[in-house]
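Please read it alongside the structure shown here.

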Amino acid sequence: MATELRCPDSMPCHNQQVNCASTQNPEPQQPGELIADHAGGNGDSAAKLTLLRGRVSSSSVPAEWDSQAYGGATLNSESNGGTGNSDAPASDSLLGDCELSPQIGAQLKLLPMNDQIRELQTIIRDKTASRGDFMFSADRLIRLVVEEGLNQLPYKECMVTTPTGYKYEGVKFEKGNCGVSIMRSGEAMEQGLRDCCRSIRIGKILIQSDEETQRAKVYYAKFPPDIYRRKVLLMYPILSTGNTVIEAVKVLIEHGVQPSVIILLSLFSTPHGAKSIIQEFPEITILTTEVHPVAPTHFGQKYFGTD
């Protein structure tokens, strides 16, 4: 039997969920959850974010949104790195007024944080990093996101025979998957997907901002002809307002793809971007490494050497 697209929450390799907690009537805190904490009774107090790492410890983000406070969750601007990125920097505060939690929930998944991921995020954000170090770190982080994205795909049980004649009960992924990159920054993630799935088909979408209206406009779209029957790994490394991704998903829907079979792979996201996408398409899955108000918008330009 094939499993659901969304993997069980009990599996340790899967990711944190965004949930809102009130200080007056706190909900039980589960390991790996993001919890919005409005400290005190002052209505002007800034929301705080707490990332619970397993059962060990928690850390909170100050009102000024120190990006070093909680193991790297970054929540602001979309990769306008050169081409195909129509999003402006997001101004919404993280989980402002607890609005994010009801719309996001289990659809937003974060890679479990560790020192290796944190170092890669640090190098990508460092303005003094060389392009070689930047690309090397970006490719490693992309590979981790792609590997976890594959974990979200359905599989079925199977039995194989080992060279010693032993019967081994294992699993294999179901066929019918494809990738779609949003040009141009999304193309940086294509090689990471091909490294994991050698023969996977990859479509492309080009979306740019209209110079007069600043609205996202689709200029090009090319997909496998049977994409409506496939699970789609949508690749876009930086999420800010979410406008670019929203337009891309609309194009996929026009080609017969249901939002429930789309897994959005990104490296950095803002709360505004994640919230906007989930509000528009509640069934989509978003997988990222960070949620924070400031995202590295230079990603596309530096990766392709046009900065």
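Predicted model: local features only at pLDDT ≥ 70, side-chain atom pairs only at ≥ 80, totals over all residues.

Residues are numbered from 1 along each chain as its sequence is written, and side-chain values use heavy atoms, with hydrogens and water left out.

Two helix pairs are set out in the table; helices (H or I, at least four residues) and strands (E, at least two) are DSSP runs numbered from the N terminus. Axes are lines fitted to C-alpha atoms, for helices over the stretch in contact, and angles between N-to-C directions run from 0 to 180 degrees.

| Helix pair | Axes come within | Crossing angle |
|---|---|---|
| H2 (residues 115–125) and H3 (residues 131–151) | 9 Å | roughly 140 degrees |
| H5 (residues 243–254) and H6 (residues 271–280) | 9 Å | roughly 25 degrees |

The angle of roughly 140 degrees between H2 and H3 makes H2 oblique to H3, whereas H5 is roughly parallel to H6; angles under 35 degrees count as roughly parallel, over 145 as roughly antiparallel, 65 to 115 as roughly perpendicular and the rest as oblique. H2 passes H3 in a left-handed crossing, and the crossing of H5 and H6 is right-handed, where left-handed means that the near helix is turned anticlockwise from the far one by less than a right angle, and right-handed clockwise.

In the contact of H2 with H3 (heavy atoms within 4.5 Å), the residues from H2 include Ile117, Leu120 and Ile124, and those from H3 include Phe134, Leu141 and Leu144. This contact divides into eight nonpolar, three polar and two charged residues. Between the other two helices, Val245, Ile246 and Lys250 of H5 meet Ser276, Ile277 and Glu280 of H6, a set with three nonpolar, one polar and two charged residues.

The peptide bond from Met183 to Arg184 is cis, with omega near 0 degrees, although most peptide bonds are trans. Arg184 lies in the loop between strand S8 (177–183) and helix H4 (190–196).

Definitions and conventions. Nonpolar A, V, L, I, M, F, W, Y, C, P; charged D, E, K, R; others polar.
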